[in-house]
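Hi everyone, thanks for making time for this. I'd like to walk you through one structure, so please have a look at it while I talk.

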Amino acid sequence: MARRLVVALLGPAHWSPPGVDRAVWRAALAEDVVDLIATLNEVEVAVAVTPADRALADALVWPGTTVYEVAEPTPNAVFAALDGYDQAAVLVGDVPDLPALTVGKLLRPLTTRPVAVAPVEGGGPGLLGVAARLPVPGWLPPLDLDTATPADARAGAPRPQDVAVTAGWRRLRGPADLATLDPAFEGWEATRALLSGSGRPA
(Lines give C-alpha, C1' and ligand atoms only; values in the text may rest on other atoms or scores of the structure.)
Protein backbone atom coordinates (compact mmCIF):
# COMPACT_ATOMS: atom_id res chain seq x y z
CA MET A 1 0.00 0.00 0.00
CA ALA A 2 1.32 3.44 -0.94
CA ARG A 3 2.60 5.61 1.89
CA ARG A 4 0.73 8.91 1.58
CA LEU A 5 1.20 12.25 3.31
CA VAL A 6 -1.10 15.27 3.52
CA VAL A 7 0.62 18.55 4.38
CA ALA A 8 -1.04 21.79 5.47
CA LEU A 9 1.10 24.61 4.06
CA LEU A 10 0.61 27.61 6.33
CA GLY A 11 1.40 30.45 3.95
CA PRO A 12 0.91 34.17 4.56
CA ALA A 13 -2.52 35.75 4.97
CA HIS A 14 -3.12 38.72 2.68
CA TRP A 15 -6.43 39.81 4.21
CA SER A 16 -8.50 39.63 7.37
CA PRO A 17 -12.03 40.73 8.25
CA PRO A 18 -12.36 44.32 9.50
CA GLY A 19 -11.57 44.53 13.18
CA VAL A 20 -9.73 41.19 13.23
CA ASP A 21 -5.95 41.19 13.58
CA ARG A 22 -4.40 39.51 10.55
CA ALA A 23 -2.11 37.28 12.61
CA VAL A 24 -5.03 36.14 14.78
CA TRP A 25 -7.14 35.48 11.69
CA ARG A 26 -4.37 33.48 10.05
CA ALA A 27 -3.89 31.40 13.19
CA ALA A 28 -7.61 30.59 13.42
CA LEU A 29 -7.75 29.45 9.79
CA ALA A 30 -4.60 27.39 10.23
CA GLU A 31 -5.87 25.77 13.43
CA ASP A 32 -9.00 24.57 11.65
CA VAL A 33 -7.02 23.19 8.70
CA VAL A 34 -4.60 21.39 11.03
CA ASP A 35 -7.53 19.93 12.98
CA LEU A 36 -9.13 18.80 9.73
CA ILE A 37 -6.14 16.89 8.40
CA ALA A 38 -5.61 15.28 11.82
CA THR A 39 -8.92 13.42 11.30
CA LEU A 40 -8.04 11.96 7.89
CA ASN A 41 -7.83 8.19 7.52
CA GLU A 42 -5.19 6.11 5.70
CA VAL A 43 -2.74 8.99 5.39
CA GLU A 44 -0.02 10.54 7.49
CA VAL A 45 -0.23 14.28 8.11
CA ALA A 46 2.24 17.12 8.57
CA VAL A 47 2.49 20.89 8.54
CA ALA A 48 4.89 23.04 6.52
CA VAL A 49 5.98 26.61 7.24
CA THR A 50 8.85 28.95 6.52
CA PRO A 51 11.32 29.26 9.41
CA ALA A 52 9.78 32.59 10.46
CA ASP A 53 6.47 30.83 11.13
CA ARG A 54 7.77 27.85 13.07
CA ALA A 55 6.24 29.16 16.30
CA LEU A 56 2.81 29.30 14.66
CA ALA A 57 3.06 25.68 13.57
CA ASP A 58 4.34 24.47 16.94
CA ALA A 59 1.39 26.13 18.66
CA LEU A 60 -1.16 24.39 16.47
CA VAL A 61 0.01 20.87 15.68
CA TRP A 62 -1.14 17.77 17.45
CA PRO A 63 1.46 15.76 19.42
CA GLY A 64 3.69 13.77 17.11
CA THR A 65 2.86 15.81 14.00
CA THR A 66 5.89 16.55 11.83
CA VAL A 67 6.60 20.18 10.99
CA TYR A 68 8.66 20.83 7.86
CA GLU A 69 10.51 24.11 7.49
CA VAL A 70 10.72 25.18 3.85
CA ALA A 71 12.53 28.08 2.23
CA GLU A 72 9.38 29.33 0.50
CA PRO A 73 5.66 28.60 0.96
CA THR A 74 5.16 26.60 -2.24
CA PRO A 75 4.09 23.00 -2.83
CA ASN A 76 7.31 22.41 -4.79
CA ALA A 77 9.39 23.33 -1.74
CA VAL A 78 7.32 20.99 0.42
CA PHE A 79 7.63 18.07 -2.01
CA ALA A 80 11.41 18.57 -2.12
CA ALA A 81 11.58 18.31 1.67
CA LEU A 82 9.82 14.95 1.86
CA ASP A 83 11.49 11.58 2.08
CA GLY A 84 10.06 8.09 2.37
CA TYR A 85 6.63 8.75 0.91
CA ASP A 86 5.07 7.50 -2.32
CA GLN A 87 2.43 10.22 -2.64
CA ALA A 88 1.83 13.60 -1.05
CA ALA A 89 -0.76 16.36 -1.14
CA VAL A 90 -0.13 19.96 -0.12
CA LEU A 91 -3.12 22.05 0.96
CA VAL A 92 -3.47 25.78 1.52
CA GLY A 93 -4.03 27.09 5.04
CA ASP A 94 -7.15 29.20 4.42
CA VAL A 95 -9.78 26.48 3.94
CA PRO A 96 -11.12 25.98 7.49
CA ASP A 97 -14.30 24.24 6.36
CA LEU A 98 -12.74 21.96 3.73
CA PRO A 99 -14.54 18.59 3.56
CA ALA A 100 -12.31 15.59 4.12
CA LEU A 101 -13.83 14.03 1.00
CA THR A 102 -12.29 16.78 -1.12
CA VAL A 103 -8.83 15.83 0.15
CA GLY A 104 -9.51 12.22 -0.78
CA LYS A 105 -10.52 13.28 -4.28
CA LEU A 106 -7.23 15.14 -4.66
CA LEU A 107 -5.23 12.01 -3.83
CA ARG A 108 -7.33 9.49 -5.74
CA PRO A 109 -6.06 10.25 -9.29
CA LEU A 110 -2.48 9.46 -8.27
CA THR A 111 -3.17 5.77 -8.89
CA THR A 112 -3.08 6.56 -12.63
CA ARG A 113 -1.72 10.13 -12.97
CA PRO A 114 1.54 11.64 -11.66
CA VAL A 115 -0.01 14.96 -10.54
CA ALA A 116 -3.41 16.26 -9.43
CA VAL A 117 -4.56 19.79 -8.65
CA ALA A 118 -7.69 21.10 -6.96
CA PRO A 119 -8.84 24.52 -8.21
CA VAL A 120 -10.54 27.24 -6.22
CA GLU A 121 -14.30 26.80 -6.45
CA GLY A 122 -15.92 29.34 -8.73
CA GLY A 123 -12.85 29.85 -10.89
CA GLY A 124 -10.25 32.54 -10.63
CA PRO A 125 -6.55 32.25 -9.88
CA GLY A 126 -5.10 30.07 -7.18
CA LEU A 127 -5.27 26.44 -6.20
CA LEU A 128 -6.73 24.63 -3.22
CA GLY A 129 -4.00 22.02 -3.29
CA VAL A 130 -1.54 19.99 -5.32
CA ALA A 131 -0.88 16.26 -5.06
CA ALA A 132 1.90 14.29 -6.69
CA ARG A 133 3.60 10.95 -6.84
CA LEU A 134 7.06 11.16 -5.35
CA PRO A 135 9.62 11.96 -6.50
CA VAL A 136 7.81 14.80 -8.25
CA PRO A 137 8.07 14.79 -12.07
CA GLY A 138 10.77 17.14 -13.31
CA TRP A 139 8.30 18.82 -15.64
CA LEU A 140 6.10 20.18 -12.82
CA PRO A 141 6.76 23.95 -12.76
CA PRO A 142 7.02 26.06 -9.59
CA LEU A 143 3.48 26.72 -8.41
CA ASP A 144 2.25 29.58 -6.25
CA LEU A 145 -0.98 28.42 -4.61
CA ASP A 146 -2.30 32.00 -4.59
CA THR A 147 -1.88 32.60 -8.32
CA ALA A 148 -1.40 29.30 -10.18
CA THR A 149 -4.07 27.63 -12.28
CA PRO A 150 -4.49 24.05 -13.52
CA ALA A 151 -3.19 25.24 -16.89
CA ASP A 152 0.04 26.36 -15.21
CA ALA A 153 0.49 22.90 -13.69
CA ARG A 154 -0.05 21.32 -17.12
CA ALA A 155 2.28 23.71 -18.96
CA GLY A 156 5.26 21.35 -19.01
CA ALA A 157 3.47 18.02 -18.84
CA PRO A 158 4.09 15.54 -21.67
CA ARG A 159 0.30 15.18 -21.95
CA PRO A 160 -2.44 17.42 -20.45
CA GLN A 161 -4.06 14.35 -18.89
CA ASP A 162 -0.94 13.78 -16.79
CA VAL A 163 -2.35 16.45 -14.46
CA ALA A 164 -5.78 15.54 -13.11
CA VAL A 165 -8.10 18.39 -12.09
CA THR A 166 -10.20 17.37 -9.10
CA ALA A 167 -13.06 18.88 -7.12
CA GLY A 168 -12.50 22.41 -5.89
CA TRP A 169 -13.51 24.27 -2.75
CA ARG A 170 -13.66 27.88 -1.63
CA ARG A 171 -10.81 29.73 0.06
CA LEU A 172 -11.29 32.60 2.50
CA ARG A 173 -9.37 35.33 0.69
CA GLY A 174 -11.73 38.31 0.83
CA PRO A 175 -14.92 39.74 2.32
CA ALA A 176 -17.19 38.03 -0.21
CA ASP A 177 -15.86 34.63 0.80
CA LEU A 178 -17.23 34.98 4.34
CA ALA A 179 -20.77 34.76 2.98
CA THR A 180 -20.03 31.28 1.61
CA LEU A 181 -19.46 29.77 5.07
CA ASP A 182 -22.29 27.46 6.08
CA PRO A 183 -23.06 27.67 9.82
CA ALA A 184 -24.64 24.21 9.62
CA PHE A 185 -21.44 22.65 8.31
CA GLU A 186 -19.44 20.87 11.01
CA GLY A 187 -15.92 21.93 11.87
CA TRP A 188 -14.11 25.27 11.51
CA GLU A 189 -14.52 25.93 15.23
CA ALA A 190 -11.64 28.38 15.62
CA THR A 191 -12.72 30.47 12.64
CA ARG A 192 -16.33 30.31 13.74
CA ALA A 193 -15.47 31.48 17.26
CA LEU A 194 -13.34 34.33 15.97
CA LEU A 195 -16.05 35.57 13.62
CA SER A 196 -18.68 35.30 16.35
CA GLY A 197 -16.47 37.32 18.67
CA SER A 198 -16.12 40.05 16.06
CA GLY A 199 -19.86 40.40 15.80
CA ARG A 200 -20.07 38.73 12.42
CA PRO A 201 -22.43 35.81 11.71
CA ALA A 202 -20.78 32.42 11.96
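This is a predicted model: local features need pLDDT of at least 70, side-chain atom pairs count only at pLDDT 80 or more; totals for chains, interfaces and linings use all residues.

I picked E42 because it has a positive phi of about 65° although it is not a glycine. With 61% relative accessibility, E42 counts as exposed. Now set W188 beside it. W188 is a residue other than glycine too, and its phi is also positive, near 45°. You will find W188 in the loop between α6 (175-178) and α7 (189-197). So is W188 buried or exposed? At 2% relative accessibility, it counts as buried, since the cut-off for buried is under 20%.

While we are on backbone geometry, please look at the step from L134 to P135. That peptide bond is cis, with omega near -5°. P135 is found in the loop between β6 (127-133) and α5 (150-154).

That brings us to β6 itself. Here 6 of the 7 residues are buried, so the strand is largely enclosed by the rest of the structure. Which strands pair with β6? Strand β4, residues 87-91, is joined to β6 by 5 bridges, and the two run antiparallel. If you want a pair to click on, Q87 stands opposite R133 in β6. Strand β5, residues 115-119, is also joined to β6 by 5 bridges, again antiparallel. There, P119 stands opposite L127 in β6. As a reminder for anyone colouring side chains, in a regular strand they alternate between the two faces of the sheet.

Now for the nonpolar packing. The largest nonpolar core has 59 residues, and V6 and F79 touch the most other members. Leaving aside residues up to four places away in sequence, the residues that V6 touches include I37, L40, V43, V45, A89, L91, V103 and L107. A second, separate core has 12 residues, and our friend W188 is among them, along with V20, W25 and A190.

Let's turn to the empty space. Rolling a probe the size of a water molecule over the atoms shows where such space is left. How big is the largest pocket? Its volume is about 360 Å³. The largest pocket is lined by 22 residues, and the closest to its centre are G11, P12, D94, D146 and R171. Helix α1, residues 22-38, supplies the largest share of that lining, with 4 residues. Sorted by class, the lining has 12 nonpolar, 4 polar and 6 charged residues.

The second largest pocket has a volume of about 230 Å³. Helix α4, residues 100-107, gives the most to this lining, with 5 residues. By class, the lining splits into 6 nonpolar, 3 polar and 2 charged.

Key: Residues are numbered from 1 along each chain as its sequence is written. Side-chain values use heavy atoms; hydrogens and water are left out. On a 1 Å grid over the protein atoms alone, a cavity is a set of points where a 1.4 Å probe fits but cannot get out, and a pocket is an open set with protein on both sides within 12 Å along at least five of seven lines; lining residues have an atom within 4 Å of a point. Grid points are joined across faces, edges and corners, and a volume is the space filled by probe spheres set on the points. Ala, Val, Leu, Ile, Met, Phe, Trp, Tyr, Cys and Pro count as nonpolar, Asp, Glu, Lys and Arg as charged, and the others, Gly among them, as polar. Buried means under 20% relative accessible area, exposed over 50%, partly exposed in between (1.4 Å probe, protein chains only). A nonpolar core is a set of buried Ala, Val, Leu, Ile, Met, Phe, Trp, Tyr and Cys residues joined through side-chain atoms within 4.5 Å. Contact means heavy atoms within 4.5 Å. Two strands pair if DSSP finds at least two bridges between them.
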